[in-house]
Amino acid sequence: MYHAKKIGVFISHIFGVYQQRVCQEIIDRALEYGYTAEIFTSLDGENLGSYARGEESILHIPNFNSFEGIIFASDTYISQELRQKILERLQTLSCPIVEIAVNDTHFPAVSLENNSMTGDLTAHFLTAHGASRVCFLGSLEEAYISDVRETYYRKALEKNGKAPGENDIYHCRYESEDVERALAFFAQTGTPEAVVCYNDRLALMFLAAALAAGLRVPEDIAISGCDDTPDGRNASPMLTTVSFPVYELGERAIENLLVLIRGGSPNTACPTAKLLIRNSCGCSRATNESAVLFTQTLSARIASLENSILDSMNMSSSLQHVTELDTGMELLTEFLPQLEHCQEFYLCLYADWDSVSSHILALTNQEETAADTDTILLKFAYKNGKRLSECSFLKKNLLPDYLYADSDCAYIYVPLYFEDKKFGYLALAYEDNRIDYQFRLVQWQMNINQMLQSICEAKRTGMLVSRLEDIYMKDALTSLYNKHGYNRLEEPLLNRAILENLPLTAFLIDMDGLKAINDTYGHNEGDFAIQVLGQAIESTAAEGDLCARFSGDEFYILAAGLTEKEAKQRAESIAAYLDNYHKLSSKPYAISCSCGYATGLPTAGFTAEHIQELFSLADKNMYREKEKHHAARR
């Protein structure tokens with residue numbers, strides 16, 4: 001059963017092993033105590049350029065008032081700007097907050113104390129192995145943790161009466177060439193007896209560089225890592241390292257938050273790592289897991305990544321030309337089987353997700369209806385192997401109420417955006433609440449964002465193209481067709497009349513007394529009078545009629561299917577419109593017109609020249625009408 005009591009979790013890069021383990025323990029423990037976890041994750045620091053500006057839209061998703069408490073894994077955010085924006089928002093809340101972080105904390109914090117183990121590893125080399133020179137290899141890419149571990153390395157040396165030499169500390173990137181330079185740097189004063197590496201990843205790269213240089217490990221040089229990865233456990237020699245009790249970290253975070261919710265004092269003790277002494281330091285205390293099993297696991301991981309890349313390429317090529325949202329949603333259905341163990345998948349859009357800028361609206365002479373910011377569109381819904389109907393719902397919840405019924409799912413929310421344009425978010429839940437958020441979902445997110453942006457661009461382009469067509473085909477003063485528009489649409493109307501055996505009626509309309517209005521009241525008033533006559537023609541026209549103004553005060557109408565009686569009524573209705581306008585207008589002049597029309601039944605061989613003959617006849621009838629108007633005024 002879905003628990004109404006919610007705990008929010010802010011964490012970055014949830015596809016990481018550390019993040020998933022922390023979140024898994026939070027989810028499990030929260031459910032035990034009758035809470036549901038809602039996890040909000042982002043991709044900051046993935047070198048996405050200007051695209052990453054939209055990462056802060058993660059703050060646009062939650063209903064913060066719905067949380068009993070929040071867990072903020074601040075150390076997972078590489079972008080300090082995004083971390084700061086989340087922090088500033090959380091500081092405005094009144095609910096309890098627990099922070100998972102080592103340094104620079106702003107809330108009651110829980111941290112995993114495995115940095116001091118670097119000092120213990122250093123001491124192990126110095127005391128257990130009698131090493132006289134121990135070096136430290138740090139990380140430039142994760143300097144904020146690497147520097148802390150270096151501090152413990154220095155303290156261990158000092159405690160044992162030593163100090164690092166000028167070639168004993170090196171910081172590098174996760175690049176083979178840089179790690180090789182580190183080995184060369186250390187070797188300038190002789191090969192060190194041991195190297196303490198920032199983490200397992202760097203240690204394994206250094207191990208490869210040492211072996212490639214002809215050094216034996218641990219006989220010629222001993223190596224240690226940190227964080228206990230599967231690769232380190234299955235290396236040869238096995239990597240001496242430090243445990244990584246991540247589940248305990250998640251457990252402590254949720255337990256402390258629940259204590260704060262109940263008004264108590266949290267446990268300040270931190271989960272502590274321990275040394276894992278294996279072979280790379282020279283102790284030879286451990287044996288590898290089955291090499292065959294690990295090789296199979298590694299091969300499966302590589303194959304999965306390769307398939308992920310190929311699937312993403314296929315998905316990207318399928319979505320990149322989508323210009324209609326419904327088409328995109330149908331395509332998503334085809335790709336959903338790629339998301340293993342995903343039990344629920346929802347795509348939610350803000351009401352203004354495809355809004356256009358005021359600049360585009362001004363260029364296209366259009367207005368956009370204000371969006372209801374309290375409403376969200378559930379555009380795509382997939383649950384338990386079935387696609388559900390789309391619907392709209394109020395933003396008080398992040399999903400419609402009916403989806404929460406009989407559910408105990410913990411949802412992961414991911415923002416959808418393009419640069420600073422907010423589209424909405426994805427919501428995912430997994431079978432049995434076992435998080436299986438693979439890196440392929442990052443590619444999914446990017447592909448969906450690109451698709452939504454393409455749809456928005458298509459909308460904007462369509463508006464601009466429509467405006468250009470209007471400029472080309474329509475009269476700027478009256479918005480009726482100009483000569484270009486008339487010429488383009490005359491032939492289709494003629495063909496329809498011939499095919500359906502309909503009569504064609506040509507109207508020619510001329511304003512009465514335009515010169516007098518211009519001379520007496522000015523050309524602006526003359527233009528206004530022309531606009532009113534254009535409105536009279538447009539308002540009395542039927543669907544399919546071709547109404548045009550080429551220039552001056554002459555108007556043309558070409559209509560199909562009118563009887564003689566209906567043609568006469570059309571002319572009279574235009575005059576009646578102007579008469580009613582004059583009665584209601586405060587203008588010091590009357591607006592009137594003379595109208596003539598002519599009708600013919602087109603047959604095969606009937607051409608544009610024959611239509612011109614109809615207009616010529618209508619012109620003569622119009623002048624007869626104009627003479628009657630002159631005579632009446634005299």
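**Ground rules.** I am working with a predicted model, where local features need pLDDT of at least 70, side-chain atom pairs count only at pLDDT 80 or more, and totals for chains, interfaces and linings use all residues. Residues are numbered from 1 along each chain as its sequence is written, and side-chain values use heavy atoms, with hydrogens and water left out.

**Helix α16.** I started with α16, residues 523–540. Helices here are DSSP runs of H or I with at least four residues, strands are runs of E with at least two, and both are numbered from the N terminus. I counted 18 residues in α16, reaching 26 Å from the first C-alpha to the last. That is close to the 26 Å expected at 1.5 Å a residue. The expected span is 1.5 Å times one less than the number of residues.

Which residues of α16 are buried? I found Gly526, Ala529, Ile530, Val532, Leu533, Gly534, Ala536, Ile537 and Thr540. Buried means under 20% relative accessible area, exposed means over 50%, and partly exposed is in between (1.4 Å probe, protein chains only). The cover over these buried residues includes α15 (514–521), α17 (564–584) and strand β20 (554–560).

**Thr478.** Next I moved to the loop between α13 (440–473) and α14 (483–500), where Thr478 sits. Thr478 counts as buried because its relative accessibility is 8%. I looked for contacts, meaning heavy atoms within 4.5 Å. Beyond four places in sequence, Thr478 is in contact with Ile530, Gln531, Gly534, Arg549 and Phe555. Its side chain also makes a polar contact with the side chain of Asp475, at 2.6 Å. A polar contact is a pair of N or O atoms within 3.5 Å; within protein, one must be able to donate a hydrogen and the other to accept it, and residues adjacent in sequence count only if both atoms are side-chain atoms.

**Asp168.** I found Asp168 in the loop between α4 (143–159) and β7 (169–172). Buried or exposed? Asp168 counts as buried, because its relative accessibility is 7%. A polar atom of its side chain lies 2.7 Å from the backbone nitrogen of Gly165. Among its contacts beyond four places in sequence are Arg133, Tyr153 and Phe185.

**Asn114 and Asp227.** I put these two together. Asn114 lies in the loop between β5 (109–110) and α3 (117–127), and Asp227 lies in the loop between β9 and α7. Their side chains make a polar contact at 3.1 Å. Asn114 is buried at 3% relative accessible area, and Asp227 is buried at 15%. Asn114 also touches Arg149, Cys226 and Phe244, among others.

Most residues other than glycine have a negative phi, and most peptide bonds are trans. I noted the exceptions. Asp227 has a positive phi of about 95°. Asn433 has a positive phi near 60°. The bond joining Val217 and Pro218 is cis, with omega about 15°. The bond from Ser236 to Pro237 is cis as well, with omega near 5°.

**Salt bridges.** How many salt bridges are there? The count comes to 30. A salt bridge is a side-chain nitrogen of Lys or Arg within 4 Å of a carboxyl oxygen of Asp or Glu.

- I checked Arg83 and Glu99, which meet at 3.5 Å, N to O. The pair links distant parts of the chain: Arg83 is in helix α2, Glu99 is in strand β4, and they are 16 residues apart. Both Arg83 and Glu99 are buried.
- I checked Asp178 and Arg181, with their closest N and O atoms 3.5 Å apart. They are separated by about one helical turn, because they are three residues apart in helix α5. Asp178 is buried at 7%, whereas Arg181 is partly exposed at 46%.
- I checked Lys379 and Glu390, which meet at 2.8 Å, N to O. Lys379 lies in strand β13 and Glu390 in the loop between β14 and β15, so the pair ties together parts eleven residues apart in sequence. Lys379 is buried at 8%, and Glu390 is partly exposed at 41%.
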